[in-house]
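The sequence and the model come first, and the notes follow.

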Amino acid sequence: MISGLFQPPALLGVDLGPAQVRLIQLGLRRRRRSTHYCVEACATQPVQDPTPGINHATAVSRALRQAVQHTGIRTRQVAVALSASDVVSKTLTLPAISADEMVHRVRLEAAEQFPFPMEEAALDFVTLGPSATSLHQVEVLLVAARREAVDQCVAIVEAADLNCQLVDSLPLVMQRAYQTFCQPQTADDVAYALLDTNHHHCHLFVFMGDILTYQQSTPATADQMLRIACEQLQTHLHTETPLTGLWLAGPCAGSIAEPLSTHLNIPIAFANPFIRMTLRSDVPVLSPDHEAPCMLTACSLALRRFDLHHGSY
């Protein structure tokens, strides 16, 4: 630890994919008068196809254990995220009230908004910022999942002999990733999109300023990814606030970037979370157009090491 720089307990950000497990651990480093993130450990491990007697969850747990062993680190605390298919979310405009009052208000709203009993649900929320229409209201992103999905995620981590410290949700993970790694310096009425091609899905997130205003998740194979991405994005090019730019993440980012740019005629960039980070000497450099965009989810989860006061499942 650097003298005078507080380091919270170590935490692994883990992206549990159906085909690959990705993990990363971030730390803080001080250079002159500025503080920046440093990659302390990073690994990607393929998930072996299930065999008789070994189901997919067991295969994912094995890949996670192997990824941790590959890094050689001793960290056992893990942050993971539920997939988009496991959660439902909604952006609400609520009164600007105290934190305790907000928790109560969110639970009341969730009971009306989501299609399953609250005793079976796990809730999470984040206050996005002031409402654009009222000084006395705020925008809140509310997500919910069935408790069963959370328990399954925790079981995968624990089967790898790790401790699941928190379970996040993909909408909140992408909100944090966009604000930290992607967000351009633009006005609140300018729209940007983040397209994540991870976990055999095409995940589209549209932001106005730094607030998530729209999301869509569509199953897609690698061969289908370009077509589905074009279909998802096309409707956002001809609205009152058309897309100004697009960030790409996930394993298909490199292959679809050029044809998307030609088809959509908007600026496109790779979501590279490492662009302002340093790497520990034993961490390999990741390619900015393929490997780095694949680590966006894991990096966003790893940031929770420095933000554990925020709620989680």
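Phe 274 is in contact (heavy atoms within 4.5 Å) with Ile 24, Val 39, Leu 286, Ala 292, Met 295 and Cys 299, leaving aside its neighbours within four places in sequence. The model is predicted: local features need pLDDT of at least 70 and side-chain atom pairs count only at pLDDT 80 or more, while totals for chains, interfaces and linings use all residues. Residues are numbered from 1 along each chain as its sequence is written, and side-chain values use heavy atoms, with hydrogens and water left out.

**Nonpolar cores**

- A nonpolar core here is a set of buried Ala, Val, Leu, Ile, Met, Phe, Trp, Tyr and Cys residues joined through side-chain atoms within 4.5 Å.
- Buried means under 20% relative accessible area, exposed means over 50%, and partly exposed lies in between (1.4 Å probe, protein chains only).
- The largest nonpolar core has 41 residues, and Phe 274 is one of those with the most contacts inside it, along with Ile 24, Val 39, Phe 181, Leu 194, Met 295 and Leu 296.
- Helix α4 (residues 170–182) gives the most to this core, with 8 residues.
- A second, separate core has 30 residues, including Val 21, Ala 43, Ala 149 and Cys 164.

**Helix α2**

- Helices (H or I, at least four residues) and strands (E, at least two) are DSSP runs, numbered from the N terminus.
- Helix α2 (residues 99–113) has 15 residues and reaches 20 Å from its first C-alpha to its last, close to the 21 Å expected at 1.5 Å a residue. The expected span is 1.5 Å times one less than the number of residues.
- Met 102, Val 106, Glu 109 and Ala 110 are the buried residues of α2.
- Seen down the axis of α2, these buried residues fall within an arc of 105°, so they line one face of the helix. The arc is that of the directions from the helix axis to the C-beta atoms.
- The buried residues of α2 pack against β5 (87–95), β6 (121–130) and β7 (137–146).
- Asp 100, His 104, Arg 107 and Glu 112 are exposed on the other side of α2.

**Salt bridges**

- A salt bridge is a side-chain nitrogen of Lys or Arg within 4 Å of a carboxyl oxygen of Asp or Glu. By this rule the count comes to 9 salt bridges.
- Arg 105 forms a salt bridge with Glu 109, with the closest N and O atoms 3.1 Å apart. The two are 4 residues apart in helix α2, so about one helical turn separates them.
- In that pair, Arg 105 is partly exposed at a relative accessible area of 29%, whereas Glu 109 is buried at 13%.
- Asp 168 and Arg 304 meet through their side chains in a salt bridge of 2.5 Å, N to O. Asp 168 lies in strand β8 (residues 163–169) and Arg 304 in the segment after α8 (296–302), so the pair ties together parts that are 136 residues apart in sequence.
- Both Asp 168 and Arg 304 are buried.
- Arg 227 and Glu 231 form a salt bridge, their closest N and O atoms being 3.1 Å apart. They are 4 residues apart in helix α5 (residues 225–234), so they too are separated by about one helical turn.
- Arg 227 is partly exposed at 45% relative accessibility, and Glu 231 is partly exposed at 46%.
- A network of salt bridges links Arg 29, Glu 40 and Arg 305.

**Strand pairing**

- Two strands pair if DSSP finds at least two bridges between them.
- An open sheet of 6 strands runs in the order β8-β4-β1-β2-β3-β14, with mixed pairing. Its edge strands are β8 and β14 (278–279), each pairing on one side only.
- Strand β1 (residues 12–16) and strand β4 (residues 77–82) pair in the parallel sense over 2 bridges. Gly 13 stands opposite Ala 79 in β4.
- Thr 127 is in strand β6 and is partly exposed, with a relative accessible area of 41%.
- Not counting residues up to four places away in sequence, Thr 127 touches Val 138, Glu 139 and Val 140.

**Positive phi angles**

- Asp 161 is not a glycine, yet has a positive phi of about 65°. Asp 161 lies in the loop between α3 (147–159) and β8, and is exposed at a relative accessible area of 56%.
- His 199, also not a glycine, has a positive phi of about 60°. His 199 is found in the loop between β9 (191–196) and β10 (201–208).
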